[in-house]
Amino acid sequence: TANAPIFGVDTQGAVNVWNKNAHKLVGYTPEEVMGRSLVQEFITEDFKKPVQAVLDQALHGDETANFEFPLVTKAGVRLDVLLNATTRRDEQGNVIGVVGIGQDITGRLAQEREYTRLIDTANAPIFGVDTLGRVNVWNKCAMRLIG
């Protein structure tokens with residue numbers, strides 16, 4: 001048994017796989033989602049088109065890794081999810097749908113926002129450089145001091 005939320009949709013976008021971790025993450029039981037349109041009924045309005053595009057690409061054999069999108073739980077809580085979408089095939093190799101493996105990254109993104117806020121509001125100039133020596137962090141105090 002996987003410890004990640006896993007869902008599957010058929011070629012029409014109807015949910016046909018919903019593991020216990022998907023249930024635990026979003027609160028919907030398999031009975032509540034099976035046969036329903038994943039995109040139309042469970043994805044926020046502003047992400048319906050991009051999520052549908054990811055599913056369509058997977059249906060054509062073009063798999064997507066690390067796609068971020070918001071998902072609203074049954075309780076109305078917004079989660080940030082990282083998705084890998086893979087083409088699902090039958091024994092003859094025919095495309096029968098898409099399987100998605102997700103990861104809740106809500107906490108990680110919140111930590112990144114807090115880290116950015118702390119750097120930006122620090123009373124000392126802070127800058128960072130990447131492995132090639134290029135500046136990739138420059139806080140407000142550094143900007144006031146140096147420009």
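## Nonpolar surface patch

At least two residues of the nonpolar patch come from each of β6 (127–129), β7 (135–138) and α6 (140–146); these elements are DSSP runs numbered from the N terminus (helices H or I, at least four residues; strands E, at least two). The model is predicted, with local features needing pLDDT of at least 70 and side-chain atom pairs pLDDT 80 or more, whereas totals for chains, interfaces and linings use all residues. Residues are numbered from 1 along each chain as its sequence is written, and side-chain values use heavy atoms, without hydrogens and water.

The patch consists of Phe127, Val129, Val135, Trp138, Met143, Leu145 and Ile146, with about 740 Å² of accessible area together (Shrake-Rupley method, 1.4 Å probe, only the protein chains shown counting as cover for residues). Patch residues have over 30% relative accessible area and no salt bridge, and nonpolar side chains (Val, Leu, Ile, Met, Phe, Trp, Tyr) are joined within 5 Å, like charges within 9 Å. A salt bridge is a side-chain nitrogen of Lys or Arg within 4 Å of a carboxyl oxygen of Asp or Glu. Helix α6 gives the largest share, 3 residues. Leu145 lies in α6 and counts as exposed because its relative accessibility is 61% (exposed is over 50%, buried under 20%, partly exposed in between).

## Aromatic pairs

Rings of Phe, Tyr and Trp (its six-membered ring) pair if their centres lie within 6.5 Å; planes under 30 degrees apart are stacked, over 60 edge-to-face, the rest tilted. There are 3 aromatic pairs by this rule. One of them, Tyr28 with Phe42, is edge-to-face, at 5.0 Å centre to centre and 75° between the planes. This pair links distant parts of the chain, 14 residues apart: Tyr28 is in the loop between α1 (20–26) and α2 (30–33), and Phe42 in helix α3 (residues 38–42). Tyr28 is buried, with a relative accessible area of 18%, and Phe42 is buried at 7%.

Phe67 and Phe69 form a stacked pair, 5.8 Å centre to centre with 25° between the planes. Phe67 is buried at 16% relative accessible area, and Phe69 is buried at 7%.

Technical notes:
Buried < 20%, exposed > 50% of the residue type's maximum accessible area, 1.4 Å probe, protein only.
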